[in-house]
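Hi,

Here is the structure I promised to pass on. Please open it first, then read my notes below.

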Amino acid sequence: MVLRSSLLPILVWTGVGCFAYFVYNPVVAIVLGGLLRLLFIVGFGLRRRAKHSVRCSAYGALGGVLDKSITGF
């Protein structure tokens with residue numbers, strides 16, 4: 001389930017990834033995806049360490065990555 005407030009960051013990062021793929025190089029898009037994945041894993045791990053459930057950790061980590069990454073836009 002994707003929350004409506006999370007659709008904008010997902011669309012923005014999808015657009016940025018597609019732009020990087022076609023304009024620069026597929027490697028740039030892979031690095032960008034890897035960076036977002038790394039941030040998700042770190043957020044998930046921090047939430048699990050704080051004794052959150054797996055579901056709460058997944059949703060919170062995804063929301064946190066998307067929220068903090070779109071702040072600059």
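**Helix packing**

Helix H1 (residues 7-23) packs against helix H3 (residues 54-70) at an angle of about 65°. Their axes lie 9 Å apart. Keep in mind that this is a predicted model.

How are H1 and H3 oriented to each other? Angles of 65 to 115 degrees count as roughly perpendicular. H1 and H3 are therefore roughly perpendicular to each other. Their crossing is left-handed.

**Surface patch**

Next, the surface. A nonpolar patch is formed there by Phe19, Tyr21, Phe22, Val23, Tyr24 and Val28. Together these residues have about 690 Å² of accessible area.

Which helix gives the most to the nonpolar patch? That is H1, with four residues. Val28, also in the patch, lies in helix H2 (residues 26-49).

Is Val28 buried, exposed or partly exposed? Its relative accessibility is 37%. Partly exposed covers the range between under 20% (buried) and over 50% (exposed). Val28 therefore counts as partly exposed.

Lys51 is not a glycine, yet has a positive phi of about 70°.

Is Lys51 buried or exposed? Lys51 has 76% relative accessibility, so it counts as exposed.

Best wishes

How values were computed:
Residues are numbered from 1 along each chain as its sequence is written. This is a predicted model: local features need pLDDT of at least 70, side-chain atom pairs count only at pLDDT 80 or more; totals for chains, interfaces and linings use all residues. Side-chain values use heavy atoms; hydrogens and water are left out. Patches are made of residues with over 30% relative accessible area and no salt bridge: like charges are joined within 9 Å, nonpolar side chains (Val, Leu, Ile, Met, Phe, Trp, Tyr) within 5 Å. Accessible areas come from the Shrake-Rupley method with a 1.4 Å probe; for residues, only the protein chains shown count as cover. A salt bridge is a side-chain nitrogen of Lys or Arg within 4 Å of a carboxyl oxygen of Asp or Glu. Helices (H or I, at least four residues) and strands (E, at least two) are DSSP runs, numbered from the N terminus. Buried means under 20% relative accessible area, exposed over 50%, partly exposed in between (1.4 Å probe, protein chains only). Axes are lines fitted to C-alpha atoms, for helices over the stretch in contact, and angles run from 0 to 180 degrees between N-to-C directions. Angles under 35 degrees count as roughly parallel, over 145 as roughly antiparallel, 65 to 115 as roughly perpendicular and the rest as oblique. A crossing is left-handed if the near helix is turned anticlockwise from the far one by less than a right angle, and right-handed if clockwise.
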